[in-house]
Amino acid sequence: MNRAALILAHLGLTLALAPLLPGLVNKVKALFAGRVGPPVWQLYFDLAKLLRKTPVFSATTTKAFLAGPVASVAAPVAAVLLLPLGGAGAPLGFTGDAIAFAYLFGAARFLTILAALDTGSAFEGMGAAREATFAVLAEAALFMGLAALSRFSGSASLGPMLTAAGQGWRSAGGPLALVLAAWAIVFLVENCRIPFDDPNTHLELTMIHEVMVLDHSGPPLALVLYGASLKLWVLGALVVRLCLPLRGTWWIDWPAFLGGMVLLAAAVGVAESTMARLKLTRVSQALIAALVSGVFGFLLLLLQA
Amino acid sequence: MLLPALYICALLLASLSGVPGILGARSGGRIASWMLAGAALCGLGVAGAVLYGGLTWRLDLPWGLPGARLALAGDPVGSFILAPVVLVAACLSLYAEGYWDGPAHAATAPRLRLCFGLAMGALVLLTAAANAILFLFAWETMALMGFLMVSAQDQDAAVREAGWIYLVASHTGVLLLFAGFSLLAAGAGGYALGPLPAGFAATPAGTWAFLLLLAGFALKAGIGPLHVWLPGAHAAAPSHVSAALSGLLLKMGLLGMFRLLAWFPDPPLWWGGLLTGVGAVSGVMALAFALAQKDLKRMLAYSSIENVSIVALGLGLALAGKSLGLPALVVLGGAGALFHLLSHALLKPLLFMGAGAVLHATGTRDMERLGGLAHAMPRTALLFTAGAFGLCGLPPLNAFAGEWILYLGAFKGVQAGGWTGAGIVLAALALMGALALAAFTRACGIVFLGSPRSDLPLQAHEPPPSMVRPMALLLGLCILLGLAPLLLAPALQRAVATLAPGLPPLRSLAPLGHLSLVTAAALPVAWAAWAIATRNPGRRAVTWDCGYARPTARIQYTASSFSQMLTEAFRWLLVPIERLPRVQGLFPRNARFQVQTPDTLLDRGLKPGAQFLGWALSRLRFLQAGHLPIYLLYVVLTLAALLAWTLA
């Protein structure tokens with residue numbers, strides 16, 4: 001496949017299929033609860049409805065209030081171009097793209113926090129403070145995983161790093177499992193999933209991400225929801241690619257990748273149905289566990305060869 | 001001959017920029033700005049010719065002092081730092097016209113302008129000084145002018161104390177440098193600054209010279225634990241002076257460290273490890289303190305410590321690369337360090353100017369009393385926030401490109417294995433990035449967004465254009481370098497080439513052009529999303545507040561509560577002074593909660609230590625009774641002791 005087709009496949013699949021993931025998660029949760037549940041494409045309906053609505057803005061807010069939703073869409077779209085989905089390489093892959101990948105989400109986080117503080121509400125302030133705090137540990141855990149994979153693959157580009165890791169489970173299963181554990185926790189925390197955060201409650205005092213976007217409505221809220229589904233897709237793809245031993249034949253790899261994403265969504269749904277939300281103080285402990293896991297994975301690989 | 005002439009022009013214009021004002025010229029501020037703008041043009045011309053044209057220049061004139069020569073050399077490293085020095089100096093002078101030249105500061109303005117000009121001249125001289133005595137001369141001028149500038153408002157006791165600590169720290173640094181350069185001169189056979197013979201690093205004299213010079217330079221750069229002078233001085237100085245201190249003066253310490261790396265051909269590995277370890281600890285520590293500050297300028301000062309620590313991490317990588325024989329590490333560490341140095345030299349003055357505008361408009365630096373300033377000062381808010389965003393190392397601004405090169409260096413070191421320092425650099429960079437994000441979202445969000453937390457922001461106003469324009473110019477440069485970091489590649493390549501012979505090209509190691517592609521992918525999406533978000537202007541209402549009838553601004557998150565979880569985690573380091581309210585009875589009275597975080601090392605270590613030393617030495621005062629016979633007795637006793645010692 002040439003590069004243009006690859007870019008189109010990446011962008012097309014991501015933009016079109018990302019809202020399906022939350023739908024799948026909710027369907028699994030409904031099955032566990034014995035309900036029929038909303039259709040898997042409920043988020044598409046929601047987005048279409050929100051885009052038609054008139055937004056309500058707080059008089060306290062400035063333009064910074066819109067920067068959060070905008071960045072939360074732009075960052076994952078740019079990040080997905082650095083990530084190999086079903087192929088061996090990313091459309092925009094280059095040495096050091098792993099760092100740009102992580103920092104794009106940092107940029108979105110900065111603007112989301114500002115948008116939250118822009119409302120002058122105690123709830124949003126609370127969410128922003130928690131987000132800024134937990135990000136310290138989550139980012140460190142993500143980077144320790146990247147360091148481990150970089151050591152393992154001898155590259156600083158996500159394409160070769162993830163491909164080598166996917167194929168290396170037999171030779172370095174232990175350290176890779178530690179990295180996977182670290183990234184799985186980061187994935188759940190960053191996407192505000194149970195057991196760390198609950199995307200469904202409206203108890204502001206217990207939430208992190210959701211509480212930061214309480215004041216958004218109409219098209220900006222649509223951007224927030226769409227951005228969240230994109231983030232779920234992109235970080236999910238990172239975890240799925242770490243596990244998949246792809247061999248380089250595209251008509252096997254792409255379906256395998258998509259199947260992996262569906263399985264991931266199902267796993268998230270099962271976790272959300274069978275676990276309770278952790279106490280807030282436990283979230284940082286879980287993140288420290290993720291960080292330690294990442295550090296040990298890295299050290300094992302550093303000392304191995 | 002053209003380049004030395006241009007350089008001398010820049011030097012003289014900068015040094016003398018304050019003279020017309022002190023001689024009584026009516027528009028002294030404007031004349032100073034024009035002279036510094038001229039200096040900027042000359043300086044940028046010289047730097048451009050060296051960095052992009054590949055030219056070099058030398059000037060060597062005799063000087064009466066023993067060992068000293070007026071030796072100047074335009075090398076790529078000095079030129080790389082000369083460029084931001086002259087540019088930012090001109091911007092700050094323009095800013096000072098609006099900030100300090102009003103009737104409120106009529107008495108201090110001409111003096112301050114004179115010191116500012118001389119300090120900038122000293123900086124220009126430092127970038128090219130090729131003789132140790134000349135270097136120390138310029139260094140001392142810089143330190144003294146810095147002291148005079150910091151204590152501009154010396155009617156305030158806090159300012160006097162900050163100035164005093166700055167002076168003591170600077171002179172300790174000069175002493176260390178003097179000792180270090182003397183050892184170098186013994187090893188290299190002269191006071192000319194340049195490459196040292198192979199094998200010198202392994203001798204005790206070489207090790208001591210390295211450690212002394214490193215400590216002297218680190219003291220000026222403000223790398224922890226030698227940072228004690230920095231937060232107080234930055235908070236006490238007028239804002240444009242804080243900007244010059246943080247953006248430019250600190251960089252001279254880093255310039256010295258970079259030069260030091262280049263002089264030793266065969267450094268042992270533990271030197272790189274030392275630099276890396278110190279950088280990692282100092283950076284994380286500085287951010288912990290930054291998160292606990294309520295004073296906006298003190299917070300920016302701690303952030304400066306963090307940023308010089310990032311540069312130190314890069315220098316540590318380069319030094320280790322030299323010891324390990326990994327040229328890729330030398331290139332990436334050196335280039336990343338220089339790139340980040342430049343980013344910080346442009347961004348931090350921008351932030352200090354923004355903080356100055358806030359201080360100018362509201363009269364306070366206390367973040368807890370601010371809030372909602374974006375409504376009254378939209379341009380300042382935008383410029384400050386953009387600068388803060390950049391300084392967190394986020395794409396697409398310039399600091400990201402520099403940190404990205406450093407990360408690449410760390411990844412290279414990790415891949416090569418054998419040296420855990422690379423892993424430490426990587427972990428420290430990731431930790432600092434996230435902590436800096438917390439510190440700067442806190443500063444921007446609490447100061448500019450939300451509702452006003454006191455009456456002060458209500459009377460705020462946008463600063464005059466002469467204060468806004470320099471900020472806009474610096475931000476424009478940062479955006480340009482962020483969108484197209486490749487522009488800097490040839491200059492970085494030439495500067496890094498001074499570190500070691502036979503280095504691979506930067507382009508082959510760090511595809512800087514691809515960063516522009518990522519930006520090019522993100523910006524159209526952001527633009528489209530912005531169009532969607534703003535298509536419907538919407539309705540205005542109040543912030544959703546759970547249906548409370550009478551919300552007040554006091555229920556907002558404050559600077560302290562925003563960072564509370566993080567400062568709690570660093571409690572062992574910060575040791576805050578807290579006054580907790582005591583709630584008693586069924587109808588408790590109004591309670592107050594107060595928390596304050598002094599610099600642990602300075603206020604709990606050095607100051608009590610110095611006081612104890614003063615007290616202990618005062619016990620010896622009885623020796624100085626003031627009677628002549630007793631002093632004669634001392635002389636006789638000393639002579640007798642010496643006689644006994646020689647005979648025995």
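In chain B, 80% of the contacts with a separation of 6 or more link residues 24 or more positions apart. This is a predicted model. Chain B also meets chain A, with 65 residues of chain A in contact with 64 residues of chain B.

**Chain B as a whole**
- Chain B holds 26 helices and five strands.
- Of its 648 residues, 57% are buried.
- Its C-alpha atoms fill a box of roughly 95 × 65 × 60 Å, taken along the principal axes.
- The radius of gyration of chain B is 26 Å, which agrees with a compact globule, because such a globule of 648 residues would have a value near 26 Å.

**Where chain A touches chain B**
- The contact joins 65 residues of chain A to 64 residues of chain B.
- On the chain A side, the elements that give two or more residues are β1 (56-58), α4 (64-80), α5 (97-118), α6 (122-153), α10 (218-243) and α12 (280-304) of chain A.
- α6(A) supplies the largest share of that side, 16 residues.
- By residue type, the side of chain A that touches chain B divides into 45 nonpolar, 15 polar and five charged residues.

**Strand pairing between the chains**
- β1(A) is joined to strand β3 (residues 539-541) of chain B by three bridges.
- These two strands, β1(A) and β3 of chain B, run parallel.
- Which residue of β3(B) stands opposite A:Val56? The residue facing A:Val56 there is B:Arg539.

Definitions and conventions
Residues are numbered from 1 along each chain as its sequence is written. Chains are lettered from A and ligands numbered from 1 in the order in which they are written. This is a predicted model: local features need pLDDT of at least 70, side-chain atom pairs count only at pLDDT 80 or more; totals for chains, interfaces and linings use all residues. Two residues are in contact if their C-beta atoms, placed from the backbone, lie within 7 Å. Helices (H or I, at least four residues) and strands (E, at least two) are DSSP runs, numbered from the N terminus. Ala, Val, Leu, Ile, Met, Phe, Trp, Tyr, Cys and Pro count as nonpolar, Asp, Glu, Lys and Arg as charged, and the others, Gly among them, as polar. Two strands pair if DSSP finds at least two bridges between them. The radius of gyration is taken over C-alpha atoms; the globule rule is 2.2 Å times the number of residues to the power 0.38. A residue is buried if 20 or more other C-beta atoms lie within 10 Å of its own, exposed if 12 or fewer, and partly exposed in between; C-beta atoms are placed from the backbone.
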